Amino acid sequence: MKKFLFVMLAALLVLPMSALGQTSETSTKFLDKCIAEVGVGVGTPNKGYTPLTMSLNLGYNFTPRFYGFAKAEGVLGLYDKDGVKTYTKSPSLGGGLGVRLTNPKTSSDNFDVRASVTNSIGNADWKHTAYNVDVIWYGNANNKKLRPYLGIGFKHVKSHTAGIPDYNGVYATVGICF
């Protein structure tokens, strides 16, 4: 798993190198380069466990196609344990990197690939580390004020709580980018 994550992060670091010279965006305003996203997500059931999340991403565009972000996430884990349906609550913090696959100057829709890592904090019911790799579609990308997004990806959650298994599954997300 560590080798897989290393390869994904290396790919995300190499892709923007070719993107640096491909656009001539000269915006130097700090707020024009900031990103704020609010979203909700759900994973497919796996081993009786289904994660639901609400997240806030705050980030910065380093180049027109490469960005980094901090992620705050509330995780509600629905699971069926011994025939009894119950849930866990866990706040998480982390961050990630993203790359735009389409040119934001010429395309009205954007597709991004991003990877993130979060870790549960505080007195969480489910102590875990989550790894996400997503493909995100941003509609109406030319509108700088408000853009909806849809995403699909893979989520691996390494559980640090006895009795709750690790999670692997397809993950979908929807939200708004400001």
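N57 is placed in strand β2, which spans residues 49-61. Strands here are DSSP runs of E with at least two residues, helices are runs of H or I with at least four, and both are numbered from the N terminus. The model is predicted: local features need pLDDT of at least 70, side-chain atom pairs count only at pLDDT 80 or more, and totals for chains, interfaces and linings use all residues. Residues are numbered from 1 along each chain as its sequence is written, and side-chain values use heavy atoms, with hydrogens and water left out.

N57 is buried, with a relative accessible area of 4%. Buried means under 20% relative accessible area, exposed means over 50%, and partly exposed lies in between (1.4 Å probe, protein chains only). Leaving aside residues up to four places away in sequence, N57 touches I35, A36, E37, F69, A70, K71 and R114. A contact requires heavy atoms within 4.5 Å.

The protein chain contains 1 helix and 8 strands. From the N terminus, the order is α-β-β-β-β-β-β-β-β. Of the 178 residues in the protein chain, 42% are buried. Among contacts with a separation of 6 or more, 57% join residues 24 or more positions apart. The protein chain exposes about 9600 Å², and carbon and sulfur atoms supply 66% of this area. Accessible areas come from the Shrake-Rupley method with a 1.4 Å probe; for residues, only the protein chains shown count as cover.

Two strands pair if DSSP finds at least two bridges between them. Strand β2 pairs with β3 (residues 66-81) in the antiparallel sense, over 13 bridges. T53 has V75 of β3 as its bridge partner. A hairpin of 4 residues joins β2 to β3. Strand β3 also pairs with β4 (residues 84-100), antiparallel and over 16 bridges. Here A70, a contact of N57, has G95 in β4 as its bridge partner. L76 stands opposite K89 in β4. The hairpin between β3 and β4 has 2 residues between the strands, and D82 in its turn has a positive phi of about 55°. Strands β4 and β5 pair in the antiparallel sense over 9 bridges. S92 stands opposite S120 in β5. In a regular strand, side chains alternate between the two faces of the sheet.

The whole structure holds 4 salt bridges. The term covers a side-chain nitrogen of Lys or Arg within 4 Å of a carboxyl oxygen of Asp or Glu. E37 is buried, with a relative accessible area of 3%. R114 is also buried, at 6%. A charge sits over a ring if NZ of Lys or CZ of Arg is within 6 Å of the ring centre and within 35 degrees of the ring normal.

D112 is in strand β5 and R100 in strand β4, 12 residues apart. D112 and R100 are both buried.

Aromatic residues form 7 pairs in the structure. Rings of Phe, Tyr and Trp (its six-membered ring) pair if their centres lie within 6.5 Å; planes under 30 degrees apart count as stacked, over 60 as edge-to-face and the rest as tilted. The ring centres of Y138 and Y149 are 5.6 Å apart with planes at 50°, so this pair is tilted. Y138 belongs to strand β6 (residues 128-138) and Y149 to strand β7 (residues 147-159), so the pair ties together parts 11 residues apart in sequence. Y138 and Y149 are both buried. R147 lies over the face of Y138, at 5.3 Å from the ring centre. Elsewhere, ring pairs link F30, Y60, F62 and F66 into a cluster.
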